Amino acid sequence: MATETISSCTGSSLLQPISEIINLPLDQVNFVVCQLFALLTAFWFRLYLHPSKTSPFVRHVVATLLGFYFALFCFGWYALHFLVQSGITYGIMILAGVEHMHKPMMVITQKITSLAFEIHDGMARKEEQLSPSQKILAVRRMPSLLEYLSYNCNFMGILAGPTCSYNDYIAFIEGRSYHAKHLQNNGKVNGTHKQSDPSPKVDVIQKLCVCMLSLLVFLSVCKVFPVERNIDDDFVATTPFYGQVIYLYLSMLTTRPKYYFVWTLADAINNAAGFGFNGYNKDGSPRWDLISNLRIMDIEFATSFKMFLDNWNIQTALWLKRVCYERCPFKPTAATFLLSAMWHGAYPGYYLTFVTGILVTLAARAVRHNVRPYFLGSATHKLVYDVITWAGTQIAICYTVVPFVLLSVAPSLKFYRSWYFSGHISCLLLVVALPVKPRHLRTPSSDHAQLPPSTADDSSQEKKTS
């Protein structure tokens, strides 16, 4: 991975021959190779730069320099964007003051906005004004520039994340993360005191197996069911509607493995470095899911729109909850979806997806609130409900995210017209016909069930980060 092969725009051309042999774009080859190299580096980082062997300063410096190098290899001198962005926002943090630092950074990046709000909570707000989760995540002192760069640009997460809380990252660098989790579990596993650091080896191997399987499925199946065929005139004209529904599901299903591959590999890299430990299971085995970004089985067998989103891009959903949903005084559900669209980028398809998502979320909430109680009387009725809602959820998700893949307005609207906007109309009718009680009139249990994506079940996530 020689720097002399790095161009100003596209990154290193060292792997161009491999790109041509396997017929994949060079930027994708560079990304995967860097992530694999980061995986090997992560093992070295955990074993040879363990907190017991070296100082947090050295760990910060190494993690940051490696992160910048990987970015340089992948993106060329465009990687300076990471340095410039981090430097400018750090200056804003210092100059703006803790009372206002969270306001000028709203849509820059997840880590920058998360840390801005966490410092604001820890240094500018009174303790009684904070929610339990905000108390846990609050940062009580201003980070140094090195700590800030290390948090934003470390080699484990600079290319694919995932987002994590600043406190969790600093505890990992300083070697306090294992100790805190041992105390949470009373320091005991199967009746004996746990002295040594838990090994991530088993979890890393399992996640790498998931990566390999996801990559194989994506490379072998994705081109068989291209999403663009959903708007092909001949396909729409000659295929019965039920066939279009099935094809829509298959085409969107086969796009997901590439995300499974990227996020699971990123999780494995962090685990290999020793980051992501989250206590122990009941059988005494270590849990390495502190910053996991998805739960594949819960996604594929989701029986509600919310359940799907709760298990998809988990850390982004938690970020949206913490910086927007919890803090927005007016229409927090709509504001959260719109912020998500803004964060993803400027393509119109993103906005069509998330605006549609608002409507689908409200309809799903109405159905769950009004219909689900009638199916809880017996296991058979509950099973029927689950099967129906699984099918409805999968089609609703596919219908919603087609513009996210197509990106442009014209093809996205062409798809919705071919379906006669049936998803939008159905959701609108459900929202009108099935009223939902205002939040202040709901019972705690029903309110828990009706929160928007990744908020109702976040209490368990907050416990994990404590």
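A cavity is here a set of grid points where a 1.4 Å probe fits but cannot get out, and its volume is the space filled by probe spheres set on those points. The model under discussion is predicted.

**Cavities**

By this criterion, four cavities of 30 Å³ or more are counted. The largest cavity holds about 90 Å³ of space. Its lining consists of Ser114, Phe117, Glu118, Asp121, Ser133, Gln134, Leu137, Arg322, Val323, Glu326 and Arg327. By residue class, the lining of the largest cavity comprises five charged, three polar and three nonpolar residues.

Three helices, α5, α6 and α16, each contribute at least two residues to this lining. Helix α5 provides the largest share, namely four residues. At the level of domains, at least three lining residues come from domain 2 and at least three from domain 3. The helices and domains concerned are set out below.

| Element | Residues | Contribution to the lining of the largest cavity |
|---|---|---|
| α5 | 110–123 | at least two residues |
| α6 | 132–137 | at least two residues |
| α16 | 314–325 | at least two residues |
| Domain 2 | 97–179 | at least three residues |
| Domain 3 | 295–438 | at least three residues |

**Ala391**

Ala391 belongs to helix α19, which spans residues 379–406. Is Ala391 buried, partly exposed or exposed? Its relative accessibility is 33%, so Ala391 counts as partly exposed, the limits of that class being 20% and 50%. Ala391 and Ser304 are separated by 87 residues in sequence, while their C-alpha atoms lie 9.4 Å apart in space.

Methods. Residues are numbered from 1 along each chain as its sequence is written. This is a predicted model: local features need pLDDT of at least 70, side-chain atom pairs count only at pLDDT 80 or more; totals for chains, interfaces and linings use all residues. Side-chain values use heavy atoms; hydrogens and water are left out. On a 1 Å grid over the protein atoms alone, a cavity is a set of points where a 1.4 Å probe fits but cannot get out, and a pocket is an open set with protein on both sides within 12 Å along at least five of seven lines; lining residues have an atom within 4 Å of a point. Ala, Val, Leu, Ile, Met, Phe, Trp, Tyr, Cys and Pro count as nonpolar, Asp, Glu, Lys and Arg as charged, and the others, Gly among them, as polar. Domain bounds come from an automatic or database domain assignment. Buried means under 20% relative accessible area, exposed over 50%, partly exposed in between (1.4 Å probe, protein chains only).
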